[in-house]
Amino acid sequence: MFEPGAHQAAGLQGAALSGSALLMPLASSARPAQSYDWLCEVAARLSAAGHAVAVLDATATEQPALHRTGSSRDLPLGLLRALIDPSVVQLERPLDDADWLVLPAALGLERLLDTARAGGPRAALSRLLAPFAADVVVLLFAPAAALGELLCDTGAHTMVPVVGPAQAGLDTYAAAKLLHFAGLQPVLCPLQQDAAGDRTVRSVSDCASRHLNAQWPVWSAGSWAARIPVVAQSVAHPAAPQALAAEPAARGPGRFLWS
């Protein structure tokens with residue numbers, strides 16, 4: 001991916017000319033199915049606000065048998081293919097009229113964790129965002145432990161769901177605590193503003209204050225679309241040479257659509 005040459009670095013070269021996609025990490029709950037509605041609500045609110053959204057679901061696995069059979073271009077689209085196939089660039093919107101792009105991402109996340117271990121979180125972030133068009137909001141839905149390792153000590157805001165029954169409070173606190181100790185900024189995000197949700201948020205916040213001396217922000221659902229683009233992680237590219245900057249047409253149509 002990072003060897004010199006137009007082919008291996010195609011995704012990075014394209015991103016450098018027009019800015020970066022934006023990464024927002026979202027912690028999946030101990031029982032991911034309970035937080036899928038929450039994930040969809042985050043994506044829907046961003047889409048309604050006019051943002052192109054890509055969901056990387058690291059609780060879903062790409063088809064591993066196919067990834068051992070030869071050309072990456074023959075594989076169905078998932079995060080792993082996006083990372084290893086240099087022809088996958090400028091991902092933005094799906095072809096099937098869906099509101100946002102959804103890719104399985106468990107195997108791709110394993111590759112990114114290897115990149116983070118070898119080169120640090122900024123290298124992993126660059127590799128993750130390279131296949132996506134500029135300004136696409138990439139929602140990485142993954143276990144808190146994986147997010148903590150991938151983005152260790154970056155201070156990245158990470159959304160933590162507050163959903164489900166009373167057990168959700170324990171799950172939320174455990175995920176947020178793990179992110180906190182990994183050097184990220186957990187953000188409590190209740191899906192519903194109701195008495196039960198308010199009690200869970202207060203309980204988690206009280207535990208954080210009492211045991212960790214930490215104050216975790218709380219984002220209401222109505223604020224997600226405004227807050228996420230502001231705090232999302234991006235790749236700081238060096239200034240492109242003037243000759244390249246004058247030739248945006250060299251990037252082609254600026255769109256690579258998948259369903």
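Predicted model: local features only at pLDDT ≥ 70, side-chain atom pairs only at ≥ 80, totals over all residues.

Student: Okay. How many helices and strands does the protein have?
Tutor: The protein has 10 helices and 6 strands.

Student: And what share of the residues is buried?
Tutor: Buried residues make up 48% of the 259 in the protein.

Student: What about contacts along the chain? How many join residues at least 24 apart?
Tutor: Take the contacts between residues at least 6 apart in sequence. Of those, 81% join residues at least 24 apart.

Student: Let's zoom in on helix 4. What span should its 14 residues have?
Tutor: At 1.5 Å a residue, helix 4 should span 20 Å. Its end C-alpha atoms are 20 Å apart, so the two values agree.

Student: Then helix 5. How do you even describe two packed helices?
Tutor: You give the angle between their axes and the distance between the axes. For helix 4 (residues 106-119) and helix 5 (residues 121-129), the axes come within 7 Å and cross at roughly 145°.

Student: Is that crossing left-handed or right-handed?
Tutor: The crossing of helix 4 and helix 5 is right-handed.

Student: Which residues meet there?
Tutor: From helix 4, they are Arg-111, Leu-112, Thr-115, Ala-116 and Gly-119. From helix 5, they are Pro-121, Ala-123, Ala-124, Arg-127 and Leu-128. The residues of this contact divide into 6 nonpolar, 2 polar and 2 charged.

Student: Pick one. Is Leu-112 buried or exposed?
Tutor: Leu-112 has a relative accessible area of 0%, so it is buried.

Student: What does Leu-112 touch?
Tutor: Skip residues up to four places away in sequence. Leu-112 then touches Leu-79, Leu-83, Ala-124, Arg-127, Leu-128 and Leu-150. Leu-150 is 38 residues from Leu-112 along the chain, with their C-alpha atoms 7.2 Å apart.

Student: Which other residues of helix 4 are buried, and what covers them?
Tutor: The buried residues of helix 4 include Ala-106, Leu-107, Leu-109 and Leu-113. What covers the buried residues includes strand 2, helix 3, strand 3, helix 5, strand 4 and helix 6.

Student: Back to Leu-150. What is it in contact with?
Tutor: Leaving aside neighbours within four places, Leu-150 is in contact with Leu-109, Leu-112, Leu-113, Ala-116, Pro-121, Ala-124 and Leu-140.

Student: How many residues are in the largest nonpolar core?
Tutor: That core has 53 residues. Leu-56, Leu-140, Leu-150 and Trp-216 have the most contacts inside it. Helix 8 (residues 195-212) gives the largest share of this core, 5 residues. A second, separate core has 25 residues, among them Leu-39, Val-55, Leu-139 and Ala-232.

Student: Where are Gln-90 and Asp-135?
Tutor: Gln-90 is in the loop between helix 3 and strand 3. Asp-135 is in the loop between helix 5 and strand 4.

Student: Why does Gln-90 count as buried?
Tutor: Buried means under 20% relative accessible area. Gln-90 is at 8%, so it counts as buried.

Student: And Asp-135, buried or exposed?
Tutor: Asp-135 is exposed, with a relative accessible area of 54%.

Notes. Residues numbered from 1 in each chain as written. Heavy atoms only, no water. Axes fitted to C-alpha atoms, helices over the stretch in contact; angles between N-to-C directions. Helix = DSSP H or I, 4+ residues; strand = E, 2+ residues; numbered from the N terminus. Left-handed = near helix turned anticlockwise from the far one by under 90°. Contact = heavy atoms within 4.5 Å. Nonpolar A, V, L, I, M, F, W, Y, C, P; charged D, E, K, R; others polar. Buried < 20%, exposed > 50% of the residue type's maximum accessible area, 1.4 Å probe, protein only. Expected span 1.5 Å × (residues − 1). Core = buried A, V, L, I, M, F, W, Y, C linked by side-chain atoms within 4.5 Å.
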